[in-house]
Amino acid sequence: MKVPVSLQPYLQSTQQSYSSNRAASALSYGEQDLFSDVLQSQLAQGQRVISSQEILAKLDGSREWKLAADYESELNPTMEKGAAVAPGAILEKIERTAKSLGVDPDLIREVVRAESNFNPNVVSKAGAKGLMQLMDKTAQAMSVRNSYDPDENLAGGTKYLKSLLDRYDGNVKVALAAYNAGPGRVGRLGIDSDEELEAKYSQLPRETQKYVAKIMGRLETDGTSY
C-alpha cells in the first residue's frame, strides 16, 4: 500500500526498456540494425512507449500490434487508469467527500498525501491502488468498481477509514494504524485506544509507526488536534 509515488515513473521506464530489449533479443544479428533504426525513429517522433510487438510488426510489415497499455486494459478492463487530475481538483474532491461522510477533511487530506501524494494512478508493489491506496478486497467491500477513479477511491477509502474510527471510538491514531497495518494486526496486539497504541508503539511495524507519526505531525502543524 505504501510505495512512494516517485517509483512509478521508474517502473514505467523499466517496463519500456524490458519490452525493447526483449524485442531486440528475438531478432537475428543482421536484423538488429533494423531494430535500432526503428527504435530511434519512433523516439524521434516523441513516442513514450515502444513495445516489442510494434517494432517487430514494423519490420515484417504487419499492422497487427498493440501497445502494452492495450494489453493491460484487456487483462483488467474495469481498472483503467484515468488522466492526471489537478491537485486543486483533488483537494476539492477530498473536502466534498469527507464532509458528506462526516469525516474531518484535514484527516483525509493527510491520509491521501501519505498514501499517494495526490496521484490517483499510483499502484504499490502490494497492489494497492489510487489516492487512498485501496487493496482490491477493500475496494470491493466499499463498493468501489474503479480504484483509479478519484471520486470512487476517495468515497471508498473515506468510508473505510470512518468505519475504523467508529470501531475504535474515535481514536484517530489507532484508526490510522489499522488503516496502514490492518485491523487484525492491531487487534492481535490488544490495541483499542490511542493510549494503548502509544504503550505498544514499538510492537507495530516501523512503517506503521512512521505513517501514524507523519500524519499526526502534519495535522498538529496545521493546527488540527485530536
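1. Ground rules. This is a predicted model, with local features needing pLDDT of at least 70 and side-chain atom pairs counting only at pLDDT 80 or more, while totals for chains, interfaces and linings use all residues. Residues are numbered from 1 along each chain as its sequence is written, and side-chain values use heavy atoms, with hydrogens and water left out.

2. Overall fold. The protein has twelve helices and zero strands; helices here are DSSP runs of H or I with at least four residues, strands are E runs of at least two, and both are numbered from the N terminus.

3. Burial and surface. Of the 226 residues, 41% count as buried, meaning under 20% relative accessible area, with exposed being over 50% and partly exposed in between (1.4 Å probe, protein chains only). The accessible surface comes to about 12,600 Å², and 49% of that belongs to carbon and sulfur atoms; the areas come from the Shrake-Rupley method with a 1.4 Å probe, and for residues only the protein chains shown count as cover.

4. The core. The largest nonpolar core holds 38 residues, and Leu-107, Val-111, Met-132, Leu-176 and Tyr-179 touch the most other members. Such a core is a set of buried Ala, Val, Leu, Ile, Met, Phe, Trp, Tyr and Cys residues joined through side-chain atoms within 4.5 Å. Helix 5 (87-101), helix 6 (105-116), helix 8, helix 9 and helix 12 (206-221) each give two or more residues to this core, and helix 9 has the largest share with seven.

5. Val-111 up close. Leaving out residues up to four places away in sequence, Val-111 touches Met-132, Leu-161, Leu-176, Tyr-179, Tyr-211 and Ile-215. Contact means heavy atoms within 4.5 Å.

6. The tyrosine pair. There is one aromatic pair, the rule being that rings of Phe, Tyr and Trp (its six-membered ring) have centres within 6.5 Å, with planes under 30 degrees apart stacked, over 60 edge-to-face and the rest tilted. The ring centres of Tyr-160 and Tyr-179 are 5.5 Å apart and their planes sit at 45 degrees, so the pair is tilted. Tyr-160 belongs to helix 8 (residues 150-167) and Tyr-179 to helix 9 (residues 172-181), so the pair ties together parts 19 residues apart in sequence. Both tyrosines are buried.

7. A glutamine to check. Gln-133 is in the loop between helix 6 and helix 7 (136-141), yet it is buried, with a relative accessible area of 0%. The Gln-133 side chain reaches the backbone oxygen of Val-122 at 3.3 Å.

Technical notes:
Polar contact = N/O pair within 3.5 Å; in protein donor to acceptor, adjacent residues only side chain to side chain.
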